[in-house]
Each structure stands twice: as structure tokens, then as C-alpha cells.
Amino acid sequence: MARSDVQLMLDVKAGDEASFDFLLQKYRSPLVNFLNRMVRDTATAEDLAQEVFLRVYRARKQYTPSAKFTTWLFRIATNLALNSVRDNRHRRMAVSLDAPAAGEDSAPMELPAPQMRIDEHMIERDRVEIIRRAIWSLPEKQRAAVLLHKYEEMDYMEIAGILDCSEGALKSLLFRAYETLRVQLAPLVTQPVAQRGEEGRPS
Amino acid sequence: MKSCEDISKGLIAYLDQRANPVERRDVEQHLAGCPACRTRAQEFRALWKVMEEVPAVEPSFGFDARLRQRVAAEPSHSWFGWFAPQARLVLSAAMLVALTVWVAKLPQSNPANPSPVAVSPSTDQDFDAIKDLGVLENYDVLTKFDALSESSTTSSPQPDEAQPNEPSSND
């Protein structure tokens with residue numbers, strides 16, 4: 001019979017290194033994916049995922065199964081990702097403050113020109129990249145909620161536990177996030193499915 | 001019928017089929033009479049399909065090996081934790097406190113008058129205190145008592161003071 005995550009973690013606590021390896025195999029891909037979508041950088045996402053697993057390993061002796069293992073795991077991951085995003089933002093702000101005056105004329109590196117409509121932008125960019133950017137442009141907590149809901153398919157109680165909010169607050173958060181995405185990605189969302197394959201992906 | 005805003009909390013849960021019965025009933029009633037929310041609901045479903053176009057990424061080839069290396073470098077025994085920086089700090093602080101307490105409890109010597117002459121009266125007083133104790137009436141015990149022999153050699157007391165008052169009472 002397959003052992004539950006909690007049992008695996010209790011076995012790690014008892015000194016069974018193989019159980020830790022099992023948890024690593026099971027959760028490294030979901031974690032790296034989640035973190036990659038949170039921080040939008042594969043190398044940083046991998047570093048953060050490593051840090052998550054290390055923290056789990058270091059905390060093994062104090063582990064008590066008070067919540068689902070995935071709630072604990074993704075809570076660590078979310079906190080690390082949010083810290084990383086904030087640190088990066090501060091670093092970028094510091095760079096832009098230190099930049100020479102000539103740099104003031106140039107548009108921010110990651111954002112499309114404001115006068116460019118999203119359907120025009122699609123001509124130049126891959127639609128996947130546009131979707132990624134739209135998700136990434138959400139406020140951090142909304143982004144985490146959407147990623148956990150849509151891609152990790154977690155239930156509301158678990159996501160609320162990870163984000164440390166009530167289920168009601170989470171549902172409002174998710175509605176606002178999806179409403180923003182619906183508006184931002186309207187050209188993709190309202191485009192008939194039949195046309196997507198031919199027009200949506202520039203060769 | 002509830003307003004668009006009122007059902008917004010339950011709309012996502014309704015669409016992903018995780019709404020509770022009350023939420024489901026409220027949303028269904030609202031959608032039946034609100035074309036704008038019906039359109040929104042359809043577009044939410046379409047949005048979720050669009051979001052599935054974003055492919056998943058796989059961890060790099062060396063991910064596991066790198067992590068195992070880092071895990072192997074972690075201290076594996078609890079006693080090893082004593083050598084961790086935090087534990088070292090706590091240990092150092094505890095030792096410092098213990099040292100302070102020990103130094104504070106040491107008998108205070110008088111550096112202004114350190115000569116051996118000053119020791120002599122206090123030794124005599126100690127002897128006076130000892131000789132009055134009942135247990136010292138046992139002469140055998142008394143003769144083997146180190147403090148007396150030290151006292152007699154170091155302070156050269158008077159002969160009548162060196163002998164207990166009634167040494168032979170138990171003989």
C-alpha cells in the first residue's frame with residue numbers, strides 16, 4: 001500500500017533518507033513549475049525549489065503532521081517566491097535609480113509599449129508568452145492563488161491555508177484575478193478555437 | 001435574485017464544480033436572468049482553456065544530484081548540531097554566565113594585607129570553633145583531623161590550646 005505524504009515525512013523524521021527521495025521525486029516537478037510561473041525565471045525557480053526541499057529536510061526533526069504535507073510544502077515555496085520577487089523588484093528599482101539620465105527615455109524592458117494593443121502585440125510574440133506575462137502581471141497573492149488553483153488544482157481550503165487567508169477571501173481573490181486575466185487576454189479568450197491553430201501561432 | 005457582485009465569490013467555484021449547494025443555487029438563479037454574467041462565465045471557461053496552453057517545465061538534469069549533494073552536506077546527527085553556529089553561541093553564553101557566577105562566589109581575599117601573619121588568628125579561631133564541637137570529644141577522630149595538624153604546624157599555638165580540653169574522656 002502506498003504511503004501517504006505525511007507518513008513519508010514521518011519516516012524521514014525517523015531517519016529514512018529513501019522517503020525523502022520519494023517526496024523529492026513526487027514534488028520536484030510541481031514545485032519547479034509553480035516557482036517558475038511565480039518568478040518567471042527557470043534558474044531562480046530551480047534554486048528556490050532546492051531551498052524548499054532543503055528547508056523540509058532541515059525541519060524533519062520538528063515535523064508534526066498538523067496540516068497536509070502539500071500545504072506546508074507550497075507554503076514554504078510561496079513565501080520564498082514572494083521574497084524573491086520582492087528582492088528582485090527592489091534590485092531593479094535600485095538599478096533604475098542609479099541608471100544614467102539617458103536610460104529614462106527607454107521603455108521598461110519587460111513591458112510592451114503602452115500604445116500597443118494586445119492583439120498587435122500578438123503578431124510579434126508567441127501567445128504562450130503573452131499568457132505568461134498576463135499571469136505574471138497579476139498582484140503576487142492573486143498570482144499565487146491562480147497558479148495553485150489552475151495549475152496545481154488544489155482545493156480552496158488548501159490554497160487558503162497556503163496563502164493564510166479565509167476561503168471567502170480566497171474566492172474573491174480568485175474572481176478578481178480571473179476577471180483581470182479575462183480582460184487582458186480578451187483577444188485570445190474570444191478568438192474562436194478553430195482559428196487559434198492557424199492564426200495564433202506565428203511560424 | 002442576487003446581484004452580479006453578490007454571486008462573484010461563488011462563480012469560480014460554480015464553474016470548477018466545487019461550489020456548495022447554496023452557492024450553486026444562487027449562481028444558477030443569477031445566470032438564468034443575467035446575460036452579462038452568462039457571457040462572463042463562458043469567457044472564464046475559455047480563459048482556463050487558454051491558460052492550459054502554457055507548457056509545464058521540467059527540472060534540469062542535475063537538479064536531483066545537486067539537491068542530494070546539498071542534503072548530504074547537512075549535519076545528519078543531532079549531536080552535531082552543537083557545532084552549528086547558533087548552538088555554539090548559546091554554549092558560549094552559558095559558559096560565560098557560569099564563569100561569572102563562579103567568580104562571584106569565590107571568597108574575597110584582602111589584597112591590602114596578604115601576609116601569612118594575617119592567616120594565623122583566623123586559623124586559631126577556626127580551631128577554637130572545632131574544639132568545642134561534641135564530636136571532637138572522640139580523641140581518635142580528633143588526632144586524625146587534618147585541620148588540627150595543620151593548625152599546630154602553621155600557627156604554633158600555645159601547648160594548652162593545641163590539646164583538646166578532655167582528650168581522655170573516652171579512653
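## A salt bridge from A to B

A:Glu46 pairs up with B:Arg66 in a salt bridge, and their closest N and O atoms sit 3.7 Å apart. A:Glu46 belongs to helix α3 (residues 42–58) of chain A while B:Arg66 belongs to helix α4 (residues 63–72) of chain B, so this pair joins two chains. Keep in mind that we're looking at a predicted model here.

The two partners don't get the same label for burial. A:Glu46 is buried, at a relative accessible area of 6%, and B:Arg66 is partly exposed, at 32%.

## A second link between the chains

Now for B:Glu43. This residue makes a salt bridge with A:Arg182, with 2.5 Å between the closest N and O atoms. Here B:Glu43 comes from helix α3 (residues 35–51) of chain B and A:Arg182 from helix α9 (residues 167–184) of chain A, so once again the pair joins two chains.

What about burial for this pair? B:Glu43 has a relative accessible area of 19%, which makes it buried, given that the cut-off for buried is under 20%. A:Arg182 counts as buried too, with 14% relative accessibility.

B:Arg18 is partly exposed at 32% relative accessibility, whereas B:Asp16 is buried, with a relative accessible area of 17%.

Some salt bridges share partners, and that ties A:Glu51, A:Arg55, A:Arg58, B:Arg70 and B:Glu74 into one network. Over all chains, the structure holds 27 salt bridges.

## The nonpolar core

The largest nonpolar core has 82 residues, and the members touching the most other members are A:Leu35, A:Leu170, A:Tyr178, A:Leu181, B:Leu11, B:Leu47 and B:Met51. The top contributor is helix α2 (residues 17–39) of chain A, which puts in 10 residues. As a general rule, nonpolar side chains in soluble globular proteins tend to be buried together.

## A closer look at B:Met51

Which residues is B:Met51 in contact with, leaving aside its neighbours within four places in sequence? They are A:Ile131, A:Ile135, A:Val146, A:Lys150, A:Tyr151, A:Tyr178 and A:Leu181. Among these partners, A:Tyr178 and A:Leu181 also turn up, along with B:Met51, in the list of core residues that touch the most other members.

Conventions
Residues are numbered from 1 along each chain as its sequence is written. Chains are lettered from A and ligands numbered from 1 in the order in which they are written. This is a predicted model: local features need pLDDT of at least 70, side-chain atom pairs count only at pLDDT 80 or more; totals for chains, interfaces and linings use all residues. Side-chain values use heavy atoms; hydrogens and water are left out. A salt bridge is a side-chain nitrogen of Lys or Arg within 4 Å of a carboxyl oxygen of Asp or Glu. Helices (H or I, at least four residues) and strands (E, at least two) are DSSP runs, numbered from the N terminus. Buried means under 20% relative accessible area, exposed over 50%, partly exposed in between (1.4 Å probe, protein chains only). A nonpolar core is a set of buried Ala, Val, Leu, Ile, Met, Phe, Trp, Tyr and Cys residues joined through side-chain atoms within 4.5 Å. Contact means heavy atoms within 4.5 Å.
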